[in-house]
Amino acid sequence: MNMNYTAEELAFRDEVRAFLDEKLPADIAAKVKGFRRLTKEDHQRWQKILSEQGWYATHWPEEYGGVKWTPVQKHIWDEESCAYGVPRSIPFGVNMVAPVIIKFGNEEQKQQYLPRILSGEDWWCQGYSEPGAGSDLASLKTRAVRDGDHYIVNGQKTWTTLGQHANMIFCLVRTNTEVKAQEGISFLLIDMNTPGITVRPIITLDGEHEVNEVFFEDVKVPVENLVGEEDKGWTYAKYLLTYERTGLAGIGLSKAALSHLKQLASRRLKNGKPLLEDPTFSQRIAQVEIDLMAASISNLRIIAAVEGGGVPGAESSMLKVKGTEIRQAINDLARRALGPYAIPFVEEEMSYDYEGDFLSDENAAPLSSQYFNNRKLSIFGGSNEIQKNIVSKMILGL
Amino acid sequence: MDFTLSEEQQMLQDTVARLVRGEYSFEKRLEFSETELGFSEDFWKQLGELGLTAVPFPEELGGFGGGGVEIQSVMTELGRGLCLEPYLQSVVLGGGILSQAGNDEQKEKYLAGVASGELKVAVGLQEPQAFYNQNEVASKAEKSGDGYTLSGRKAVVIGGHCADLIIVSARTSGDVNDADGISLFAIDPNAEGVERRTYPTVDGAKGCDVVLNNVQVGADALLGEEGKAADVIEYQTGRAIAALCAEAVGCMEEANELTLEYLKQRKQFGVPIGKFQVLQHRMVDMMSELEQARSMAILAASYADAEQSDERRRTLAAAKNVINRAGQFISEKGIQSHGGIGMTWEYSFAHYAKRLVMIGHQLGDDDFHLERYASLLQAS
């Protein structure tokens, strides 16, 4: 029983801190910490810095330009980068399609795509969900019909995060309608500039343009863009989802959000005293901090088990549920801390460049929006109900 | 980072687990509970003979200086068996106070007996008017001759009915809420003026209120420095909280296993009820609460014997808050998932539920610990 880092791990943490002290652009960190909007350029600028450091692809084997971090090192990176205000990495290329290409793709695909992900030349998005296929993903209908050297793709994908920035999309498509739903799905890599593809924004409840609909109308995709075997896409999709699920608990992000909340609560006043000292509000904060403490130990237990050679299983599902509930609770408190100033929707104050007077608190403007935006946490990456189904089946045997 | 037990710790836990499995069937437990003693004299002796009551004590007393993790290993298994013996009161809390506050003579006099199990200690730190706050002490200890005269009332002293020694707090100076001025005394339960009002507890054990009617004690009854007991009480209560968290985790593990088993075998509408998603998700929630509780019990154990600090205070308050809430959740949802059978005396689940909810009333409920944590909040 030992909850401490080893000397090597502490040295690694120092290395991470030194790197972030030196290389993380102050404007980007300020935007992240203040929950301001990040531009495509912000993401690309930071990705380039990470790539140059050799720390961009932490899930990849070294031969493809990855870095071999232990689970504990990844955890240290997660904690430190969240605390410093590092932008959340856009996972679709580096952490989602790349592991699939590495495991199931052919040599040409590896040569073609992996370097472009590392360099930031390609921005990938994910073509999984459809209007009629959400939690029941295998019921997807987007069709790909073989025609000589091409597939002709027709259909619609939705909830495509940051698809407006992407030049590549990986898609689950139906190549066989004669067999069981799961057995007729293939995994296709598609260039977003191919004729017949239309991207339309979906504006979310907070007024943001984060997700999109992508329409496919007789889109010609070369057969060499098929990953692995035709009709075996479901296997690859599930493999990818295990990558998606790790880290979804967002413990590091919750810690950063909690620290932000406490700073806010020490500035906001109630009865002439900081909210942080108000009996009711301080107890609300205390409760979420306690729950986060427990979840972060649960997270460490999973990490230590993986470090010891185990596989992260359905325990991550349980933690995803708990972790997302905690983060939503923190967002809820941040909104409450504003009192009536949670109400104004002052878009200009959400921009990092805003130089005018703040209506109430310099960090107020994005907080109600963030609360609403983060309702997504319990929906994406497999809704929390789906996670419970997984635990029920895999751990409980029900 | 490593969350596995060492070989010795695992052996210790296995030893207790085997003993509990062999000697503490649910049926036997009901019988033990109904005796005048309220637990098994024989099982207590075995704990002593196997050196388990000596675990936290030094080698010369037959122990091996076990810390939080060793106590956790023992208490988890005692929790699984719903064991009624006063391990927490006598070994962890009583033994802890004597070790920390006692002078050489007092240690010499008492600790060997505590470590062997022959001397059973009970501890009375709370009072009827004090809502879990152990610094709210109205009982008085007034100087008389060489010793003191004690008067007052100590509330819900678990194991006090059969204790050979009772440790009580009483005020030697200051106002009722002052941390300063509290002293600890080791008293003979049979001394003149000690009145014990004994009762069974909801969770099957026994306890008493101890009324002190001008009890005369010698100067040698004072444990530690006069008026300076608050720190000892706080520190040792912290150790006891960690132990109680471990016991609760043992209870929760067993409670969840019982519920899961029931979901698989109970059929309604022609299928096992575990096929119904609403019950599946509830069961997952119960497992998830157990995981949170387990994490906090581990963390609490790692802080149990650490030097006192605000971080230790926060951690132990957080642990007890999580444990209490998880215990109540698992109890309520488990009874609901069992339906009628979960309401019966003859089936074990209800007894786990009762123990878990009563653990919530020992050494501070979740509100108490939430307030305590909030009062220690750091600004960022």
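Biologist: Let me start inside chain B: how many residues of domain 1 of chain B are in contact with domain 3 of chain B?
Modeller: On the domain 1 side there are 23 residues, and they meet 28 residues of domain 3 of chain B. Do keep in mind that this is a predicted model.
Biologist: Thanks! Where do the domains of chain B run?
Modeller: Domain 1 covers 7–119, domain 2 covers 122–228 and domain 3 covers 231–375. The C-alpha centres of domain 1 and domain 3 of chain B are 22 Å apart.
Biologist: What area do domain 1 and domain 3 of chain B bury between them?
Modeller: About 2100 Å², with 63% of it on carbon and sulfur atoms.
Biologist: And how many salt bridges are found across that interface of domain 1 and domain 3 of chain B?
Modeller: Three salt bridges. One salt bridge joins B:Glu254 to B:Arg80, with the closest N and O atoms 3.0 Å apart. There are also nine residue pairs in polar contact between domain 1 and domain 3 of chain B.
Biologist: Which elements give two or more residues to the domain 1 side there?
Modeller: Those are helix H2 (26–34), helix H4 (68–80) and helix H5 (87–101) of chain B. The residues on that side of domain 1 of chain B, facing domain 3, divide into twelve nonpolar, nine polar and two charged.
Biologist: OK, switching to chain A. How is chain A divided?
Modeller: Into domain 1 (7–89), domain 2 (123–232) and domain 3 (246–394).
Biologist: Stepping back, what does chain A have in the way of helices and strands?
Modeller: Twelve helices and ten strands. The C-alpha trace of chain A spans about 75 × 50 × 50 Å along its principal axes.
Biologist: Now the two chains together. How many residues does the contact take from chain A and from chain B?
Modeller: From chain A, 37 residues, and from chain B, 41 residues. The two chains bury about 3800 Å² between them, 66% of it on carbon and sulfur atoms. On the chain A side, A:Met1, A:Arg301 and A:Leu398 lose the most area to chain B, together 21% of what that side buries.
Biologist: What about salt bridges across the interface of chain A and chain B?
Modeller: There are four. A:Lys388 forms a salt bridge with B:Asp285, the closest N and O atoms being 2.8 Å apart. The interface of the two chains also has 17 residue pairs in polar contact.
Biologist: Which helix gives the largest share of the chain A side?
Modeller: That's H9(A), with 16 residues of the side that touches chain B. That side of chain A divides into 18 nonpolar, eleven polar and eight charged residues.

Conventions:
Residues are numbered from 1 along each chain as its sequence is written. Chains are lettered from A and ligands numbered from 1 in the order in which they are written. This is a predicted model: local features need pLDDT of at least 70, side-chain atom pairs count only at pLDDT 80 or more; totals for chains, interfaces and linings use all residues. Side-chain values use heavy atoms; hydrogens and water are left out. Domain bounds come from an automatic or database domain assignment. Helices (H or I, at least four residues) and strands (E, at least two) are DSSP runs, numbered from the N terminus. Contact means heavy atoms within 4.5 Å. Buried area is the accessible area (1.4 Å probe) that two parts lose on being put together, summed over both. A salt bridge is a side-chain nitrogen of Lys or Arg within 4 Å of a carboxyl oxygen of Asp or Glu. A polar contact is a pair of N or O atoms within 3.5 Å; within protein, one must be able to donate a hydrogen and the other to accept it, and residues adjacent in sequence count only if both atoms are side-chain atoms. Ala, Val, Leu, Ile, Met, Phe, Trp, Tyr, Cys and Pro count as nonpolar, Asp, Glu, Lys and Arg as charged, and the others, Gly among them, as polar.
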